[in-house]
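Please work through each task before reading its solution.

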Amino acid sequence: MILVTGGAGYIGSHCVRELKERNIDVVVYDNLSTGHVESIAEGVPFIKGDIFDVELLRSTIRKYNVDSVIHFAAYSLVGESMSNPAKYYHNNVAGTLSLLDAMTKEGVKYLVFSSSAATYGDTGEGLITEESPQRPTSVYGQTKLMMEQFMQDYDKAYGLKYVALRYFNAAGAHASGEIGEAHNPETHLIPIILQVANGTRDHIGIFDEDYPTPDGTCIRDYIHITDLADAHIRALDYLKAGGRSTHYNLGNGNGFSVKEVIDVTERVTGIKIKRAIEPRRPGDPATLVASSEKIKRELGWKPRYDSLESIISSAWKWHSTHPHGYEK
Ligand code: UFG
């Protein structure tokens, strides 16, 4: 049985769907501070609990015979992490220690963990590999890097086997259109553009056009949520087959500027997107594009959604039918 912390969140709920579709047993653990109970796949046991509640984590592990954990429960907004670092160090770093404490005490050895491209910061490199220097430019990225670092020590001391997946920009929605991205407030680029398209927002603010990129706007590597989910399952299989702890980048290897993402969205939706240039957001690196060769080579992972059009069109299926997310 797999325990999924943060299983009611955007990435967690899509991973739970994928596990369920493959008949893999899973229990969701989430405090619903940002997650949505409606997003949890039918028939999946759900424990409303906090990551700091070691006793509840331990009793859940025992009750469901949990042998591995996929850990999504974390705050993930780069901008907010700069203005409220205490929230991020407390929840992401101390919260993960609490989970590891429960796992160690109950003898759970396998962990797949959401790390981030934000651990690299502004590398100035074309394609970022796992060997690129990790120098986060945001508190959020710093928390993820700290989590990676202390997992290494838990491996050495307690034999924890982990895979850290460094996602680039997670985007898109489940093919059914039944679940998708719904943050409040929303800060991510693609959902904000699609809110302009579905009429719930007036315009998209482009955070500066003076970055050292061809059109002056930031470049990111967008990766579909279902492809991310698939990587988690492969990572867990790898660990259970005796694999050593490691880390992998997850992206499509293609960078798109903010303006290009808006243009592609106009083509996919057929709707003109109103835009305005706004000041920079603190903590944003100019360019983040992944080399995902390592996970392709070692785990046979391959993205199914390998074009920005296909990613945005799956997100549009969700945003066009759920203009207010999970709210009725
Ligand atoms: N952007 C805008 N206007 C907006 C929102 C975003 O111009 O209204 C720009 C941002 O400045 C950035 C790009 O669009 O250049 C993408 O921004 P997102 O907020 O969608 O994503 P981020 O790149 O900031 O961060 C996301 C996740 C992080 C993760 C990071 C890794 O939120 O958790 O990807 O690349 F660490």
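**Exercise 1.** Identify the residues with the most contacts inside the largest nonpolar core, and the element that gives the most to this core.

*Solution.* The largest nonpolar core has 33 residues, and those with the most contacts inside it are Val4, Leu19, Ile70, Leu165, Leu250 and Ile295. A nonpolar core is a set of buried Ala, Val, Leu, Ile, Met, Phe, Trp, Tyr and Cys residues joined through side-chain atoms within 4.5 Å; buried means under 20% relative accessible area, exposed over 50%, and partly exposed in between (1.4 Å probe, protein chains only). Among the elements that each supply at least two residues are strand 1 (2-5), helix 1 (10-21) and strand 11 (246-250). Helix 7 gives the most, with eight residues. Helices (H or I, at least four residues) and strands (E, at least two) are DSSP runs, numbered from the N terminus.

The model is predicted: local features need pLDDT of at least 70 and side-chain atom pairs pLDDT 80 or more, whereas totals for chains, interfaces and linings use all residues. Residues are numbered from 1 along each chain as its sequence is written, and side-chain values use heavy atoms, without hydrogens and water.

**Exercise 2.** Classify the ring pair of Tyr154 and Tyr158.

*Solution.* Rings of Phe, Tyr and Trp (its six-membered ring) pair if their centres lie within 6.5 Å; planes under 30 degrees apart count as stacked, over 60 as edge-to-face and the rest as tilted. Here the centres are 5.1 Å apart and the planes at 65°, so the pair is edge-to-face. Tyr154 is buried at 18% relative accessible area, whereas Tyr158 is partly exposed at 44%.
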